[in-house]
Each structure stands twice: as C-alpha cells, then as structure tokens.
Amino acid sequence: DDQIERERASQHLPGGCCALAAVYLLGKFYVANAGDSRAIIIRNGEIIPMSREFTPETERQRLQFLAFLRPELLGKEFTHLEFPRRIQPKELGKKMLYRDQNMNGWAYKKVEEDDLKFPLIYGEGKKARVMATIGVTRGLGDHDLKVFSSNIYIKPFLSCFPEVRVYDLTQYEHCPDDVLVLGTDGLWDVTNDKEVASVVMEVLTSYEPNDPCRYTMVAQELVVRSRGVLKERGWRLANDKLGSGDDISVFVIPLGGPGNYT
C-alpha cells in the first residue's frame, strides 16, 4: 500500500482495489483477505469459510472508533454516530435510537445539532457506504479518494491490513473433488456458498478425476452463471434475477488427488 502511494504520482494511476491471496507453505494454506472478496474450502461436500468480507457494516465499530478518536477526519460534515434513519431538523430535542463505537445494540439519546450531520456510515447491506462514497473498508490504494465535492479524504478509514486464516492440509485426506474457491464480490453478490458448492460438485462429477481441466471448467461455469444471459431487461440469471454487474474473477484450486504434494 505504501509502494502504491509512492508510485501513484509517477505512474498516474489513481484508484484502488481489494486483495485476496492464498499462499501454500509447508503443508498449510494461508488465506489473506483485504476487502470484499471471499474464499471457501469445499471438502467432502462441507463448506469451510476461509475469509470474511470487510464492509462498512462489518467494520462499523472500527470506523466509528477512529472517527471518535480523530473527529477532524470527519471535516465537520459527518457524525460518527449511527441512527436508524436520517434525522430531520424538526426532530431536534426529541429522543432517537442510536449506537456508537462501543455499542452492539441500540439506545436512546436526545437529538442535538451535531446529530443532523450526515452519518459516517450510511445505507444497509451492499448499499452501505463510508461517507456516502465507498462500500469496502479494506484494500490497496485509493490514497486520493475524497468525498464528492469536498476535501475530505476517505483513506484514513480504509485499512490495507488483511485478515489471515490458516488451513492445515496435513490434517485431512483430500480427494480430487476437494477444492479451494477464491472469488471476487462479483461472484458472491449473486451466488451464495451453497450454490457455489453445488456448481463445484456438478461440474467436477462430469469429468474424470485425473482431468486437469476440470477445475478450470468449474471456475468458468461459476463466472458464466453469475453473469447470466443478456436479455431485453439486462443480464439475467436462470431465476430471472439480475446477474452480477461487477467484475467476476474465480480461481478453483484442487486440494487432493493427482498433483497433490501434501
């Protein structure tokens, strides 16, 4: 992340990205995630999560705590407190549910002038945004990202530090159908873990266990199904819901069988 910051001026490359990495070392898989990509292991039909997404919702308390410690980062335009909805000026002095960096549940407080500011985290689910700007809270780059029409930088709230999970390959006997799936949010936005596992099993059983292309075909099928088919009303999935509008990158890595060095 520091290198990207140093090079951004000379390379003229603004923007940023999430990062998901898997490293095999001495019989173990180390999976590091910074962003909203996801990794799962499918072993004997069982789903084992190897990462979690970092979004304004999952990291609410970290973001609020930073804003509480350094209120100058909010530029006098935002509040670190969260409310169930935007507060209107006419509600000054009334009681409203809220939560701060120390709270999992909600409590009541009297609405004050500062509470009328735009919330640090606004929206729910995939629509949640930090300072109404970005929907992920970890990744690389974005050093120049600012709130629209302001000089407030978003970068202080974005972390480049990944969460790392370890999987010991030597603890289990793995068959050729046991795999590690790495995918960007374009996959997971429209396809859940169980659906991914179902596609994995469906495609793998249609190929011989020693056919090396079977894993590439699984990845390709996951991409195709998540994108959907182009129709008059846009890209549609098999259930007629909207297909993924994001980039979809998928890796399927075998954990056992031919070519297994554990």
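Which residue lies over the face of Y172, and at what distance from the ring centre? In this predicted model, the residue is R43, placed 3.7 Å from the ring centre of Y172; a charge is taken to sit over a ring if NZ of Lys or CZ of Arg is within 6 Å of the ring centre and within 35 degrees of the ring normal. R138 likewise lies over the face of F54, at 4.0 Å from the ring centre.

The structure holds four aromatic pairs, where rings of Phe, Tyr and Trp (its six-membered ring) pair if their centres lie within 6.5 Å, and planes under 30 degrees apart count as stacked, over 60 as edge-to-face and the rest as tilted. One of them joins F78 and F118, whose ring centres are 6.0 Å apart with planes at 85°, so the pair is edge-to-face. This pair links distant parts of the chain, since F78 belongs to strand β6 (residues 78-79) and F118 to strand β9 (residues 118-119), 40 residues apart; strands (E, at least two residues) are DSSP runs numbered from the N terminus. Together with Y122, F78 and F118 form one aromatic cluster.

The rings of Y167 and Y172 have centres 5.9 Å apart and planes at 10°, so they are stacked. The table gives the accessibility of the paired residues (buried, under 20% relative accessible area; exposed, over 50%; partly exposed, in between; 1.4 Å probe, protein chains only).

| Residue | Relative accessible area | Class |
|---|---|---|
| F78 | 6% | buried |
| F118 | 22% | partly exposed |
| Y167 | 5% | buried |
| Y172 | 40% | partly exposed |

Residues are numbered from 1 along each chain as its sequence is written, and side-chain values use heavy atoms, with hydrogens and water left out. Local features need pLDDT of at least 70 and side-chain atom pairs count only at pLDDT 80 or more, whereas totals for chains, interfaces and linings use all residues.

Conventions: Helix = DSSP H or I, 4+ residues; strand = E, 2+ residues; numbered from the N terminus.
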